[in-house]
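Hello,

Here is the structure for your next look. My notes follow below it.

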Amino acid sequence: MNAGDRIAAAYFLRQTTVRRARNELSLYTSYHRSRLSGKNLHRGMPASVSIEPTTACNLGCPECPSGLKKFTRPTGMLKAPLLTALLDEIAPTLRHVQFYFQGEPFIHPQITDLFAAADARGIYTSTSTNAHFISEKKADDIVRSGLRQMTVSIDGTTQEVYEQYRIHGRLSKVLEGAKNLAEAKKRAKSPWPLVFFQFLVVKPNQHQIAEVIKLGAEYGADDVRFKTAQVYDYKHGNPLIPTIDKYARYRKMPDGTYRIKNALLNHCWKMWHSCVLTWDGRVVPCCFDKDASHQLGAFGEASFREIWKSRAYDEFRAAVLRSRGEIDICANCTEGTKVWG
């Protein structure tokens with residue numbers, strides 16, 4: 001565990017309440033009972049929620065429907081009253097809010113106010129950004145907001161390599177944003193937010209893995225983390241699939257086609273402890289449902305509890321336990337089964 005992880009763990013411990021602990025125990029035990037029995041026996045409220053500030057984005061990344069403008073759902077901005085209503089209802093049992101789904105969060109003009117609203121309720125807050133909009137003033141606002149964790153996407157250590165995936169992006173802006181944030185933390189004498197450089201490993205940048213570790217240290221990142229890339233068209237190969245097997249989600253088969261490495265087990269921890277709320281209040285199962293095609297309810301038209309405990313949600317969880325491989329958003333998933341610890 002690095003220093004950043006220790007700081008985060010200490011925060012989680014301080015913010016633990018009896019109600020949150022009981023809720024998490026209910027989630028954990030009901031998940032394992034369901035996994036072993038094959039029956040939906042869900043208990044508890046979500047411990048983690050991803051909330052989408054906006055679907056707007058300044059980049060055009062080739063495997064991102066937001067960047068490619070391929071959504072069927074509208075582009076818009078999360079309204080503060082919607083967030084307040086959600087937090088008023090579920091904050092007592094909620095442990096973590098990630099202000100990210102699709103889009104670039106810092107396009108939202110009140111993004112730091114959204115962070116502050118969750119932080120004021122003792123909730124761990126995080127976000128993920130391409131870091132093109134972090135001016136000196138914005139960096140100061142971020143530190144004051146109480147944001148606890150920021151993931152900075154930095155998928156290349158030179159402009160030539162970076163722009164092959166982060167189309168329309170400027171590496172210099174990313175590094176400038178990271179520098180501004182590091183300096184703002186120093187001015188405030190604060191460890192927050194923890195900053196993690198995230199390197200999405202694809203074939204064009206895989207030779208820069210050692211370089212990005214050095215870059216993270218140079219620009220004050222608390223850690224550098226590597227992520228495997230999801231690609232939609234992988235069966236017959238894809239120029240983004242890395243040749244370093246450790247960082248590839250897909251394996252080449254004897255017949256020359258590619259297959260996702262992991263087995264699609266018929267259970268998913270995410271269905272028990274977390275969900276996603278789109279900018280306009282749609283509740284969807286997880287971050288793989290990028291176009292909100294599996295809408296389970298609309299917050300505002302119903303309470304969150306009514307949606308979370310609804311027949312539609314029960315049926316979706318039951319379908320995951322029955323045959324996860326038949327659900328389209330699960331078919332390209334490498335996540336979902338890992339549980340705390």
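How much of the chain do buried residues make up? They make up 55% of the 341 residues; buried means under 20% relative accessible area and exposed over 50%, with partly exposed in between (1.4 Å probe, protein chains only).

Some ground rules. This is a predicted model, where local features need pLDDT of at least 70, side-chain atom pairs count only at pLDDT 80 or more, and totals for chains, interfaces and linings use all residues. Residues are numbered from 1 along each chain as its sequence is written, and side-chain values use heavy atoms, without hydrogens and water.

The whole chain:
The chain has 11 helices and 11 strands (DSSP runs numbered from the N terminus: helices are H or I, at least four residues; strands are E, at least two). Its C-alpha atoms fill a box of roughly 55 × 50 × 40 Å along the principal axes. Of the contacts with a separation of 6 or more, 69% join residues 24 or more positions apart (contact: heavy atoms within 4.5 Å).

Helix 8:
Helix 8 spans residues 209–218, and I209, V212, L215 and G216 are buried there. These four lie on the same side of helix 8, because they cover an arc of only 110 degrees around the axis (directions from the helix axis to the C-beta atoms). The buried residues of helix 8 pack against helix 7 (171–188), strand 5 (194–201) and strand 6 (223–228). The face turned away from the buried side of helix 8 carries the exposed residues A210, K214, A217 and E218. Just after helix 8, G220 takes a positive phi of about 80 degrees.

Best wishes
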